[in-house]
Amino acid sequence: MSSPTTTPPELTGKVVLVTGAARGQGRAHCEAFAAVGCDVIAVDLCRDIETVPYPMAGPEDLQATAEAVRALGRRCVTAEVDVRDLQGMRDAVDAGVAELGGLDFVVANAGVSPEPAASWERSEEEWDATLDINLKGTWVTTTAAIPHILATGRGGCVVIISSMVGLRGAPFTSSYTTSKWAVRGLAKSLAGELGFSGVRCNSLHPGNVRTPMIENPSMIAMMTGGEGTTLEDAAETFSGMNQLPEPWVEASAISSMAVYLCSAAGAGITGASIPIDLGGSEKFGL
């Protein structure tokens, strides 16, 4: 009997919008979609945010993403825009669609993680910024993108990046956790609203992914009790959170699932909340 084979996704000529595209998961999403034939609209704020304890990406990072996409033979339109700005996002998406000829998929990836703290010790400024970026920014992104996807008349897919904590919660992350539960609900609502059109919507729930969101002094200090200086110093603690014996996943693992959902292989999946977390959410219970 012959061995089963897997056919790589084929999305040549499709267009994807990715937010938070300048580095980390966002860049990985752009590269993964370009590798299977998509042109890319890559959006990022490209400046620091006062309530976020680690440096944000800069314009040079967004340019590096564009160069990576073009090196794979695909077109890339970039925009430096805040996902909280509805008109700015509409302008950016409109411009990208005008240049690339349509829109098929959106990966709403932009998000931030603030300093760990008890909920009652958080500032109103930090709470508002985290919810505005992670939740409102996801709504703004989908609001700017979905009309273009519907206009093609050929279906499509919306992928919302939530988090493992959007399945089970976590202490000392109340603003982040709240935002990630909320975008899970948004994904389920959109799945119901878009079903008539053949457009699917799902949320992905990564565990710890090796990006600047965990590889920064604030997170390393929390995970090592102030004893560590590198992410490797926190590896044992991170591993203890998971069923599988690894401390974190690479961004490419999240991107692979996003591509799968947008391809023909994911045609029957909508309204799903999919963990990619090395079993962390199962270990601690949903």
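Trainee: Is aspartate 39 buried or exposed?
Mentor: Aspartate 39 is buried, with a relative accessible area of 3%. Keep in mind that this is a predicted model.

Trainee: Okay, and which side chain does aspartate 39 meet in a salt bridge?
Mentor: That's arginine 75, at 2.9 Å from N to O. Aspartate 39 sits in strand E2 (residues 39-44) and arginine 75 in the loop between helix H2 (59-71) and strand E3 (76-80), so the pair ties together parts that are 36 residues apart in sequence.

Trainee: How exposed is arginine 75?
Mentor: Partly exposed, with a relative accessible area of 42%.

Trainee: Why would two such side chains pair up at all?
Mentor: In general, side chains of opposite charge can pair when their charged atoms come close.

Trainee: What does arginine 47 meet in a salt bridge?
Mentor: Arginine 47 meets aspartate 82, with 3.7 Å from N to O. Here both partners are in loops: aspartate 82 in the one between E3 and helix H3 (86-100), arginine 47 in the one between E2 and H2, so parts 35 residues apart in sequence are tied together.

Trainee: And is aspartate 82 buried or exposed?
Mentor: Aspartate 82 counts as buried, at 15% relative accessibility, because the cut-off for buried is under 20%. Arginine 47 is partly exposed at 45%.

Trainee: What about arginine 154, what's its partner?
Mentor: Arginine 154 has a salt bridge with aspartate 104, and their closest N and O atoms are 2.6 Å apart. Arginine 154 is in the loop between H4 and strand E5 (156-161), while aspartate 104 is in the loop between H3 and strand E4 (105-108), so this pair ties together parts 50 residues apart in sequence.

Trainee: How accessible are those two?
Mentor: Aspartate 104 counts as buried at 2% relative accessibility, and arginine 154 as partly exposed at 47%.

Trainee: Switching topic: which residues form the negative surface patch?
Mentor: Glu50, Glu124, Glu125, Asp128 and Asp132 form it.

Trainee: Where does aspartate 128 lie?
Mentor: In helix H4, which covers residues 124-152. Aspartate 128 is partly exposed, with a relative accessible area of 38%.

Technical notes:
Residues numbered from 1 in each chain as written. Predicted model: local features only at pLDDT ≥ 70, side-chain atom pairs only at ≥ 80, totals over all residues. Heavy atoms only, no water. Patch = residues over 30% accessible without salt bridge, like charges linked within 9 Å, V, L, I, M, F, W, Y side chains within 5 Å. Areas by Shrake-Rupley, 256 points an atom, 1.4 Å probe, with all protein chains shown as cover. Salt bridge = Lys/Arg side-chain N within 4 Å of Asp/Glu carboxyl O. Lys, Arg positive; Asp, Glu negative; His and termini not counted. Charge placed at Lys NZ, Arg CZ, Asp CG, Glu CD. Helix = DSSP H or I, 4+ residues; strand = E, 2+ residues; numbered from the N terminus. Buried < 20%, exposed > 50% of the residue type's maximum accessible area, 1.4 Å probe, protein only.
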